[in-house]
Amino acid sequence: MQAVLLLAALPMLAGAWLPWVLLRPNRLAPGEYLRLPPVWVAALLVLALLPLAAARWRPALTWVPATLALLLAVWLLGTRTGAALVGQAAFARASAASGAWLTLLGAGVALYGARLCTRAAGRPAWTGLLWAAGVGALLLNGTLSNWSVLVEARSEGPRWVQELAQHLRLVSTALGLAVLIGAPLAVWASGRERVAAAVLGVANAVQTIPSLALLGLLIAPLSALANAFPALRSAGVSGIGVAPALTAMTLYALLPVLRNGVVALLGVPAGAVDAARGMGMTAAQRFWRVELPLALPVWLSGVRQAAVLLVGVAAVASLIGAGGLGTYIFKGLQSAATDLILLGAVPAALLAVAVDAALRGLETLLGRRLGRAA
Amino acid sequence: MNAARRTGGRLGNWAALLWPALLLICLIPGVLPGLINPLGLGNVGAFEPPLWRLTLTHLGLVLLSCVIVLGLGLPLAVAVTRARRDALRQLAETLVGLGQTVPTLAVLALAVPVLGFGWAPTLLGLIAYGLVPVVSNAVVGLRGVSPGALDAARGMGMSARQRLWRVELPLARPVILAGVRTSTVYNVGTATVGAALGAGGLGEPIINGLSQQNTALVLTGAVLAALLALSLDALMSLFAAPH
Amino acid sequence: MIELHHLEKRFGGSLAVQDLNLIFPDGELTALLGPSGCGKTTTLRMINRLTEPSGGRVLLGGQDTRTLKPEALRRGIGYVIQQVGLFPHLNVAQNVATVPDLLGRDRRATAARVDELLDLVGLDPDTFRHKRPGELSGGQAQRVGVARALAADPPVLLMDEPFGALDPLARDRLQDAFRDIQRRLRKTVVMVTHDIDEALRLGDRVALMNAGRLEQFGTPDDLIYRPVSDFVRQFLGEDAALRQLAGQPVGRFMVALHGPDGLQPGRAGTGGAASPLPAVAVEETLNARSALSVLLREGTDRLTVTRGGQPVGTVGWHDLRASGPERP
């Protein structure tokens with residue numbers, strides 16, 4: 001724990017000295033770096049070291065200074081960007097600079113270390129989530145509203161929400177289709193030894209192919225179809241747009257769903273299946289009562305992998321005009337606008353983490369319900 | 001079982017010949033455009049820079065990151081698997097898990113504000129992503145060393161350093177090598193995305209083709225990137241095959 | 001009664017079972033014994049049609065099993081296997097209740113039945129009802145497996161090496177428990193085993209198979225004392241008689257004392273006159289082979305058999321011979 005908290009303290013100590021705010025006359029122009037006033041530097045230095053001390057003397061309370069450090073960092077980011085913009089033109093932007101990022105990183109690691117301390121002390125885990133409530137409150141009361149990324153988000157407003165929704169729609173549609181197609185296929189393949197071996201072999205080979213290349217390879221046949229049959233093009237089949245992106249994403253997600261399905265169904269203990277047969281279960285009863293419940297946790301982890309992959313692939317799919325959060329990433333890369341990149345990349349990353357955590361939770365729950373945890 | 005492994009090994013040897021051979025053939029100027037242009041998906045002419053240069057850039061980025069990843073990842077894994085470093089190991093495992101989750105494009109894009117455009121952010125992304133399988137496999141491998149073997153080594157009077165070099169690392173080697181193989185193959189994919197940041201490489205024709213709606217261009221890059229990944233995978237499987 | 005008529009199973013070109021004719025008598029336990037690959041498991045699985053015969057017929061209570069739907073047939077036959085095959089996602093009670101559920105029996109009646117069965121196999125219902133299979137030891141799991149097979153009260157029980165995966169101590173205990181259960185329930189049991197001791201200990205009858213054919217069918221005594229072929233003799237081994245003794249308590253062989261006065265019974269005390277009890281005593285639960293060893297060691301002809309320290313009978317060389325054992 002000490003080592004983790006030391007790792008947390010280092011970036012915070014460095015971050016307190018480094019510039020916190022980058023003030024630019026508009027979102028593209030170069031700007032000037034602003035540091036924190038000495039009072040706040042001192043406060044941050046103290047808060048950087050406090051978790052270390054707490055872990056030594058009062059481990060169960062480590063979460064207090066760690067949470068305070070994170071909330072102070074977020075609050076400082078909000079107030080310092082606000083202060084920097086006083087008297088500036090409307091186009092001026094105040095972004096977070098290296099100091100702010102390092103401090104936030106360190107505070108995050110400190111919170112992680114504090115959670116380990118809480119767990120080691122056998123205390124309830126809810127204290128580890130107080131920071132989220134605090135950050136939420138700071139967001140809602142407008143403290144952060146002068147930070148350039150949120151300024152950008154405000155100006156994008158409804159369009160950003162649309163892109164996020166489009167991202168979610170792409171991912172969930174592709175995932176749903178992949179499960180609808182992949183699940184029966186997996187059941188069919190797992191009953192046939194050679195087919196199952198072939199599926200696993202192909203799935204493993206295809207997995208080595210880069211996702212971007214696979215996306216490209218999958219778009220080519222669609223594009224060829226559209227060229228050969230112009231009627232199809234009017235029906236929405238073409239090399240660009242939502243249809244090819246969805247097709248490519250579905251096929252891409254099909255692999256983990258299919259592979260884990262086959263592995264999971266083959267992994268059902270032979271004794272349980274034999275016993276079920278010997279008891280007089282029909283094939284359908286065997287599948288629903290024994291094979292599926294036992295395969296579900298492993299299968300679900302394939303669905304989770306597919307979902308996480310899809311969040312990433314959907315970001316790339318904006319290249320072919322499918323929309324989604326990738327739009328902001330590529331727009332930002334083209335115009336070298338950091339805030340736009342952040343507006344796309346940070347939500348995409350958070351989305352992937354959230355999807356992963358949610359499905360992982362479902363897996364654990366199912367695993368426990370289905371007797372795997374014992 | 002033995003026969004199956006032997007045929008598997010023979011297949012592996014064939015793959016290690018087949019994929020690199022196909023890749024080299026496709027790199028001969030004019031071969032790939034000659035194959036793709038008749039499909040009527042668009043037009044591919046001569047490339048500037050030529051395809052073999054793009055492939056070399058790609059390969060160079062991947063191999064460079066691979067070396068750096070090994071240099072960083074192995075000591076890291078060794079450090080967090082020592083006794084009484086449970087908290088550090090958990091932190092490492094959490095970060096590794098996070099790395100597996102966050103989309104490649106997001107990480108690469110986030111590196112741009114810090115490092116600017118070009119190969120630098122891509123290399124950073126390659127290192128970050130490459131560390132994931134190497135560290136996680138090395139941690140699994142080192143933790144999987146049987147306590148019996150370690151106890152015997154201690155009983156023979158080996159120092160901690162001798163135990164690491166003579167017992168733990170040799171025993172964990174197959175798992176670590178498998179991690180290096182996964183890391184390298186995945187990085188071929190990550191480097192493709194790096195083209196969006198101007199890193200060059202085989203992602204360039206794909207990204208250009210996608211944004212110019214020239215599917216032939218996309219196909220050129222995709223075929224080469226896929227062949228490169230399959231070649232590296234097959235070649236590394238020769239070394240990294242589990243005992 | 002289960003009858004096999006000219007039963008045959010072909011896998012590819014080879015015959016796993018050929019021209020097998022056998023009648024498993026009602027209420028008895030028949031051990032299907034033989035070396036691995038002799039076709040005993042195939043034979044067992046043809047009875048509940050987990051394996052379809054290539055030729056011949058299986059009659060169950062006089063009815064050809066081919067006239068029944070396989071699922072319906074199997075629901076009426078208990079089935080216990082070496083891997084136990086408990087469903088890991090269901091708790092013990094749900095596992096035991098599987099077949100009654102399949103048969104659509106009343107839930108409440110089934111719940112009561114589950115408790116009764118857990119009691120029968122020696123597991124406390126309150127402790128075990130809600131446990132997961134993952135929390136059970138190997139012996140406990142197979143007890144649940146036996147309870148599950150008995151749940152719908154089938155007249156026939158098929159067991160495929162049911163105690164084969166257990167450690168020797170648990171196997172002994174479970175064999176004892178199962179012998180008691182069988183004495184009470186009188187099911188028609190077919191038990192596949194490659195363990196000669198188990199076959200001699202549990203089997204009312206033994207069917208010894210070799211290379212897909214039946215070598216000999218008879219009581220354990222028949223096989224030991226009247227083997228029909230060299231194969232039977234070699235398979236059982238020269239110490240088969242001792243092995244049989246090892247599986248039985250000496251109390252089963254003893255000649256009981258008549259009264260509480262401590263007099264020798266008539267048969268042993270030939271003159272009818274009272275003679276003193278043998279000096280060396282053994283408990284009636286000691287296995288008969290150990291009692292034989294005591295006879296040898298002490299250089300005596302008779303032992304006193306005691307129950308809780310009190311003499312209840314005597315046993316001698318002749319009682320332990322083949323003609324001696326009374327079958328329960």
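Reader: What does R226(C) form with D222(C)?
Author: R226(C) forms a salt bridge with D222(C), and the closest N and O atoms are 2.8 Å apart. A salt bridge here is a side-chain nitrogen of Lys or Arg within 4 Å of a carboxyl oxygen of Asp or Glu. Keep in mind that this is a predicted model, where local features need pLDDT of at least 70, side-chain atom pairs count only at pLDDT 80 or more, and totals for chains, interfaces and linings use all residues; side-chain values use heavy atoms, with hydrogens and water left out. Residues are numbered from 1 along each chain as its sequence is written, and chains are lettered from A and ligands numbered from 1 in the order in which they are written.

Reader: Which residue does R107(C) form a salt bridge with?
Author: With D101(C), where the closest N and O atoms are 3.8 Å apart. R107(C) counts as exposed at 63% relative accessibility, while D101(C) is partly exposed at 26%.

Reader: And what about R205(C), what does its side chain meet?
Author: The side chain of R205(C) meets that of E28(C) in a salt bridge, 2.6 Å from N to O. R205(C) lies in strand 9 (residues 205-210) of chain C and E28(C) in the loop between strand 2 (14-24) and strand 3 (29-33), so the pair ties together parts that are 177 residues apart in sequence. Helices (H or I, at least four residues) and strands (E, at least two) are DSSP runs, numbered from the N terminus.

Reader: How many salt bridges are there over all chains?
Author: A search of the whole structure finds 30. Some are joined up: R304(A), D356(A), R360(A) and E363(A) are linked in a network of salt bridges.

Reader: Change of topic. How many helices and strands does chain C have?
Author: Chain C has 14 helices and 14 strands. Its C-alpha trace spans about 65 × 50 × 35 Å along the principal axes. Of the 328 residues in chain C, 51% are buried.

Reader: Which chains share the most contacts?
Author: Chains A and B, of the two pairs of chains in contact. Contact means heavy atoms within 4.5 Å. Chain B and chain C do not touch, and their nearest C-alpha atoms are 20 Å apart.

Reader: How many residues does the contact take from chain A and from chain C?
Author: It takes 21 residues from chain A and 23 residues from chain C. The two chains bury about 1,900 Å² between them, 61% of it on carbon and sulfur atoms. Buried area is the accessible area (1.4 Å probe) that two parts lose on being put together, summed over both.

Reader: How many salt bridges are counted between chain A and chain C?
Author: One. R45(C) forms a salt bridge with D274(A), with the closest N and O atoms 3.0 Å apart.

Reader: Which element gives the most to the side of chain A that touches chain C?
Author: The elements that give two or more residues to that side are helix 12 (270-278), helix 13 (283-317) and helix 15 (338-369) of chain A. Helix 12 gives the most, with seven residues.

Reader: Where is T98(C) found, and what does it touch?
Author: T98(C) is found in helix 4 (residues 98-102) of chain C. Not counting residues up to four places away in sequence, T98(C) touches M279(A), M281(A), F87(C) and R148(C). T98(C) is buried, with a relative accessible area of 4%. A polar atom of the T98(C) side chain lies 2.6 Å from the backbone oxygen of N95(C).

Reader: How far apart are T98(C) and F87(C) in sequence and in space?
Author: They are 11 residues apart in sequence and 9.7 Å apart in space, C-alpha to C-alpha.

Key:
Buried means under 20% relative accessible area, exposed over 50%, partly exposed in between (1.4 Å probe, protein chains only). A polar contact is a pair of N or O atoms within 3.5 Å; within protein, one must be able to donate a hydrogen and the other to accept it, and residues adjacent in sequence count only if both atoms are side-chain atoms.
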